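Please study the sequence and the structure before reading each solution.

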Amino acid sequence: MQAEETLPEFDLALLRQSKTLGQNGDAVVIAVPGAMVKGIIEAKYTDSLMKSFSEVLAKPIENLIITVDESLAWQDTQPAATPAPPAPPTPPNPPAEGNPTDGSVSTSVATGSTVSSETSGETVTTVTAQTSQPATPPLTGTVQIDRNTGLNPQYTFDTFVIGSSNSFTAAAAESVVVSPAQAYNPLFIYGGSGLGKTHLLHAIGNYALELYPESKVRYVSSEEFTNEFINAIANQSFPEFQANYREVDFLLIDDIQFLQGKEQTLEEFFHTFNTLHTARKQVVITSDVPPKELKSFAERIKSRLEWGLMTDIQPPNLETRIAILRRKSAQEKLEVFDDVLEYIASNISSNIRELEGALVRITAYASLTGNSVSLDTAKEILRDFITSKNSREITPKMIVDETAKYFGLQSEDIMSTDRSRTVVNSRQIAMYLCRELTELSLPKVGEAFGGRDHTTVMHAVKKITNSMNEDSTTYQSVTEITNQIRRAAREA
Ligand SMILES: Nc1ncnc2c1ncn2[C@@H]1O[C@H](COP(=O)(O)OP(=O)(O)OP(=O)(O)O)[C@@H](O)[C@H]1O
């Protein structure tokens, strides 16, 4: 690549899996682990790779042959804790002259400054590069959702950490932006709670607007889609509703399982989908289960959802969890010791939202006390936060009951529409804890609090996250209530 050119870290992570195989006349042959990475390289990097190879080999390279080698499985590495200082990427090593497929040269195609380090006795190579301006981190701060697109600018590909549990899905997500409405339409992403589905959906939308600024992108949660549909019928504004969803280039629908049992909305979704698909517009859908497990969805709808590519996200392994924590703390400019990050990552394994919750606790403590947190202190802070294997599942009811008890209220007060200060604060803390300690999505938490909108829950989560950093009373209340809830779950 050209020295002045920089690659987004997300692409570097994908390219890191590729190898230069050899050179034949004016062609260089590289191998990549899958068709999606091939598509991304072809669309975005062919010219710059050929230019780079020409410079390194000191002869014109006119062709880049990209082969797929599925044995180039994803290797989890621990990326650098913070983005490296801007450094010009170095060109790839020269490929061997001769038989392009003899595999004699095995060089990562990814360019960038390379740093070797020892992990578990194995040398791993971390490729770093100047990244594009990192987005404001999702941990704290105000969320500014774009009204027209529904997109959260904080969720981008650059803030998404790739590991073996999500690399295929991440490549698929980028592919549908690079080549919209081609091979993977719809793209159907499924997986457990808090594993990054919503993040990827927004990243697709944000990247689509970056590549095609004139395109129309719409992100919508299934709950919002349902509400807008109901309102459109009630207000006789159905044509506007239809135009809003049927005249877009990218439709991104989150948590489709929420439409289970809502027959009319499902029917409307079906027609919206058909219109967009026929017009060759990209549709991306997320769900907690694969299409065939979507209860009460008609067969014709399920089969449509299976037309394109279905891909799942698995819980991240230890290395990826550490990498995510490092990325989050680097974005937030937080100084958290490595052993503390490793402790959090080793003890929270299934939900990234919970990982973030633990990091919030640690950093709130550090910001309130003005001290860095040692491993021993972290263990103490997180003692009750980290789930014991024998615990019963934590339910919204447990959270509401314990929160009410702590503030000397009745559980009914929290569920009521009372707007007095103490009740609002308690309700917001209970919502925050529901999001952190249960698998429930934002709409589901809203439902558990008597049918409140998911944006109310989102606001509560942000508010409590922020005030934990600024106000020791909130920090203390949240910590003590969590401890009580954990205890209640253990003793139940
Ligand atoms: N690979 C990743 N890299 C960085 N952050 C991640 C990654 N995966 C998840 N996260 C973060 O974890 C949090 C939860 O992710 P997200 O909301 O996308 O999960 P989800 O799968 O949509 O969950 P749910 O089904 O409960 O809505 C977000 O703050 C997101 O930014």
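**Exercise 1.** How far does a polar side-chain atom of K328 lie from a nitrogen atom of the ligand?

*Solution.* The model is a predicted one. In it, the distance between a polar side-chain atom of K328 and a nitrogen atom of the ligand is 3.1 Å. A polar side-chain atom of R353 lies 3.1 Å from an oxygen atom of the ligand, and for H199 the distance to an oxygen atom of the ligand is 2.7 Å. Of the ligand's own accessible area of 640 Å², the protein covers 96%.

**Exercise 2.** Determine which elements give two or more residues to the shell around the ligand, and describe the shell by class.

*Solution.* The elements are α5 (197-211), α10 (318-331) and α12 (352-369). By class, the shell holds six nonpolar, eight polar and six charged residues. Domain 2 (157-312) and domain 3 (318-387) each supply at least three residues.

**Exercise 3.** Classify the ring pair of F273 and W307, and state whether each residue is buried or partly exposed.

*Solution.* There are 13 aromatic pairs in total. For F273 and W307, the ring centres are 6.1 Å apart and the planes stand at 45°, so this pair is tilted. F273 belongs to helix α8 (residues 263-278), whereas W307 sits in the loop between α9 (299-305) and β11 (309-313), so the pair ties together parts 34 residues apart in sequence. Buried means under 20% relative accessible area. F273, at 2% relative accessibility, is therefore buried, while W307, at 46%, is partly exposed.

Key:
Residues are numbered from 1 along each chain as its sequence is written. This is a predicted model: local features need pLDDT of at least 70, side-chain atom pairs count only at pLDDT 80 or more; totals for chains, interfaces and linings use all residues. Side-chain values use heavy atoms; hydrogens and water are left out. A polar contact is a pair of N or O atoms within 3.5 Å; within protein, one must be able to donate a hydrogen and the other to accept it, and residues adjacent in sequence count only if both atoms are side-chain atoms. Accessible areas come from the Shrake-Rupley method with a 1.4 Å probe; for residues, only the protein chains shown count as cover. Helices (H or I, at least four residues) and strands (E, at least two) are DSSP runs, numbered from the N terminus. Ala, Val, Leu, Ile, Met, Phe, Trp, Tyr, Cys and Pro count as nonpolar, Asp, Glu, Lys and Arg as charged, and the others, Gly among them, as polar. Domain bounds come from an automatic or database domain assignment. Rings of Phe, Tyr and Trp (its six-membered ring) pair if their centres lie within 6.5 Å; planes under 30 degrees apart count as stacked, over 60 as edge-to-face and the rest as tilted. Buried means under 20% relative accessible area, exposed over 50%, partly exposed in between (1.4 Å probe, protein chains only).
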